[in-house]
Amino acid sequence: MTDRIVSLRQFVTDGRHHSWRKKFSWNLAESFAASGSSPLERVSTALEAVLAAETPVFLPGEQIAFTRTVANLPELYTKAEQQAMRSRNSYAEKGVVFNLCCDFASTISAGLDRRRQEVVERCPAGEFRTAVLREIDAVLELADRYCAAAKAAGREETAAMLAKVPHRGAESFREALQFLRILHFILWCEGEYHNGLGRFDQYLWPFLERDLQRETETPESAFELLEEFFLTFHRDSDLYPGVQQGDNGQSMVLGGCDSAGHDASNLLTRMCLRASKELALIDPKINLRVTKETPFELLELGSELTAAGLGFPQYNNDEVVIDALCRWGYSLADARNYVVAACWEFTIPGCGMDVPNLEAVSLPELLLKTMADSAAASFDAFLADYGTTLRRKAVALNRKHRRFTMLPGPFASLLCDGCIERGRDISTGGRYNNFGVHGTGISTAVDSLAAIRQVVFEEKQYTLKQFFDVLYRNYQGNPELLAEVRNRIPKLGGGDPLPVALAQKLLSLWAAAWEGLRNSRGGIWRPGTGSAMFYIRHAEHLPATPDGRLAGEPFPANYAPSLTVPQTGTVSVVRDFARAFRKEVCNGGPLTIEIHDSVFREPDGVGKVARLVELFLREGGHQLQLNAIDREQLLDAQKHPERHRNLIVRVWGWSGCFVELDREFQDHIIRRAEMYRGNIAISVVEEPG
């Protein structure tokens with residue numbers, strides 16, 4: 001890391017750039033309501049106001065500009081309007097476009113002047129075209145003010161660059177990085193959130209390759225620019241909405257296959273992994289796509305990031321994901337270009353308007369409902385009843401969103417395929433308009449099925465109703481049963497084939513529940529194995545479950561073993577969960593494993609973890625994320641947060657600073673670390689056959 005980057009990193013992490021921020025009293029919503037302004041009028045007027053209020057500032061020594069100085073974006077609707085809107089329609093979260101990955105490459109190459117001309121020539125006249133043109137002009141006006149400010153400050157190189165981009169297309173790596181910074185910045189200002197960067201190493205590589213060939217950049221100077229670009233994600237991220245600080249969706253996808261299905265990794269792929277490791281910050285979150293052709297060296301570089309305690313990369317298996325997307329109706333060309341929308345959900349850049357986390361369903365809660373309602377005489381009949389319960393839930397949720405809508409984003413639409421030609425905002429739909437749903441508590445449900453199978457249908461110790469009553473008493477008066485189901489019945493992740501078979505059945509039922517349902521935007525529902533924050537929210541008021549989980553105890557995060565499972569080893573966890581996975585539930589949701597950080601103190605620790613990743617992919621797993629943590633360090637961080645300000649952990653689909661998390665999330669991570677406490681060493685994984 002050069003002295004300039006060290007200085008910039010310290011400036012940003014100290015928060016000294018916050019001194020330029022100003023908070024505004026907008027009152028736009030009231031004036032919009034009074035005038036009856038349309039949604040498009042509101043969003044374009046608001047963006048004009050925000051960008052006009054921005055003050056061009058430059059961090060000491062920076063070469064890539066644009067830092068938020070407006071601390072708060074305006075509300076576009078009054079509370080009364082919001083209540084009325086939600087009484088008529090269903091919305092996802094804040095109602096705006098989110099979890100989107102735009103086509104940045106086309107605009108970076110063309111420039112906004114040319115894109116503006118395309119809007120004039122190709123977009124049908126109407127309110128949408130007017131809104132897009134207004135927003136482009138507002139962006140160019142801010143860029144011109146930045147250019148003038150750079151000249152006034154004697155920053156001649158920066159001024160010359162901003163005189164060119166974003167008006168005209170980028171030609172150099174630095175110009176491309178600056179252009180991307182501006183586009184990403186504007187999306188947040190327009191109101192979109194969880195804006196993914198997509199396949200960064202693919203669309204930025206031609207600029208870097210050209211610079212290296214022309215010798216206008218060296219690998220060293222380009223690496224310095226890359227590290228500075230990574231730092232731009234920390235200038236404003238505390239202003240971005242999320243459940244917790246760090247949950248901001250700033251995901252970058254690297255590697256994977258090209259349009260012909262061959263390995264597409266390049267020098268920039270490796271530079272990104274190195275830069276992330278060296279900077280040791282939580283953004284951008286790295287997702288590494290892996291194919292059968294991916295060099296093992298990349299898995300080792302990824303494992304070095306894990307060793308650094310970053311909680312990423314998250315690994316995505318092209319061999320599984322691409323096939324799953326094609327089964328869901330995505331074209332092969334689009335499927336090969338997939339990215340991660342925010343945490344783990346898959347989408348297609350520039351054309352996917354999927355809402356991949358619209359709902360979350362508690363699988364253990366519906367299992368308890370099935371126990372209460374079922375009169376099954378056999379375990380197979382009980383499974384059929386469970387499938388019926390899941391289906392009824394799916395149908396109900398589909399009905400709930402029969403009037404689903406989103407608020408417009410004209411600038412985001414400019415960066416998406418076909419919107420200009422159709423004269424339609426991206427919020428009205430893209431090429432793909434599928435809904436995604438999380439299935440929470442998968443392991444809890446699987447382990448509960450194993451307990452029901454043995455206790456009720458094999459050993460006949462209890463009837464379904466009797467077992468159900470025990471659960472609602474939280475096992476009080478039944479300590480022997482609690483000990484049996486918690487400790488003596490095989491659990492998923494423990495290396496026993498029975499829970500793996502039950503997991504396959506459960507995931508098949510979970511997939512079947514959504515088959516044939518069409519959502520209100522003409523798409524399908526994509527079930528997945530993620531949990532988001534619902535591993536706590538769905539569990540905190542749930543009674544005890546048949547696996548021995550007590551009332552209120554949390555579920556595991558995502559697709560991972562239950563928190564009470566006695567582990568036989570990390571390798572058995574990897575094998576169980578990879579083999580249990582079904583492509584029909586490939587909406588995203590990674591196997592999440594905590595590794596004791598002492599693994600990396602062994603000489604071959606990085607190589608062993610890379611082999612573990614390779615095993616997971618070879619066994620058919622679809623997503624994997626690894627946390628290298630020390631339980632004792634986490635406990636000390638709770639007592640003395642001032643000593644551990646830079647302690648980074650993986651939370652559910654993102655990495656954050658441990659001491660900034662709410663206590664309930666901290667405690668959950670400590671529980672996860674406790675599970676693997678005895679698994680300090682990772683067995684050597686055999687070489688591929």
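Helices (H or I, at least four residues) and strands (E, at least two) are DSSP runs, numbered from the N terminus. The views below show a predicted model, in which local features need pLDDT of at least 70 and side-chain atom pairs count only at pLDDT 80 or more, whereas totals for chains, interfaces and linings use all residues. Residues are numbered from 1 along each chain as its sequence is written, and side-chain values use heavy atoms, with hydrogens and water left out.

**View 1. The second largest pocket, with helix α1 in its lining.** A pocket is an open set of points, on a 1 Å grid over the protein atoms alone, with protein on both sides within 12 Å along at least five of seven lines; lining residues have an atom within 4 Å of a point. This pocket holds about 470 Å³ of space, where a volume is the space filled by probe spheres set on the points, and grid points are joined across faces, edges and corners. It is lined by 19 residues, of which Val12, Thr13, His234, Cys657 and Glu660 are the closest to its centre. Helix α1 (residues 3-13) gives the most to the lining, with three residues. By class, the lining comprises seven nonpolar, eight polar and four charged residues; Ala, Val, Leu, Ile, Met, Phe, Trp, Tyr, Cys and Pro count as nonpolar, Asp, Glu, Lys and Arg as charged, and the others, Gly among them, as polar.

**View 2. The largest pocket, with α3, α4 and α9 in its lining.** The volume of the largest pocket is about 800 Å³. Pro74, Glu75, Lys94, Val96 and Gly191 lie nearest its centre, out of 31 lining residues. At least two residues of the lining come from each of α3 (39-53), α4 (79-88) and α9 (173-190), and α3 gives the most, with five. The lining consists of 21 nonpolar, four polar and six charged residues.

**View 3. The largest cavity, lined in part by β11 and α29.** A cavity is a set of grid points where a 1.4 Å probe fits but cannot get out. Three cavities of 30 Å³ or more are found in a search of the whole structure, and the largest contains about 60 Å³ of space. Ten residues line the largest cavity, and Ala560, Pro561, Thr592, Glu594 and Arg672 are the closest to its centre. Strand β11 (591-596) and helix α29 (663-675) each supply at least two residues of this lining, which has seven nonpolar, one polar and two charged residues.

**View 4. The packing of helix α7 against helix α8.** The axes of α7 (residues 127-152) and α8 (residues 156-164) come within 8 Å and cross at roughly 160°. Axes are lines fitted to C-alpha atoms, for helices over the stretch in contact, and angles run from 0 to 180 degrees between N-to-C directions. The two helices are therefore roughly antiparallel, a term for angles over 145 degrees, while under 35 counts as roughly parallel, 65 to 115 as roughly perpendicular and the rest as oblique. Their crossing is left-handed: the near helix is turned anticlockwise from the far one by less than a right angle, whereas clockwise is right-handed. Contact (heavy atoms within 4.5 Å) involves Ala143, Tyr146, Cys147, Ala150 and Lys151 of α7 and Glu156, Thr158, Ala159, Leu162 and Ala163 of α8.

**View 5. The packing of helix α12 against helix α13.** Helices α12 (residues 219-231) and α13 (residues 267-279) pack at an angle of about 60°, with their axes 10 Å apart. Helix α12 is therefore oblique to α13, and the crossing is right-handed. Residues in contact include Phe223 and Phe230 of α12 and Met271 and Arg274 of α13. The contact has eleven nonpolar, one polar and three charged residues.
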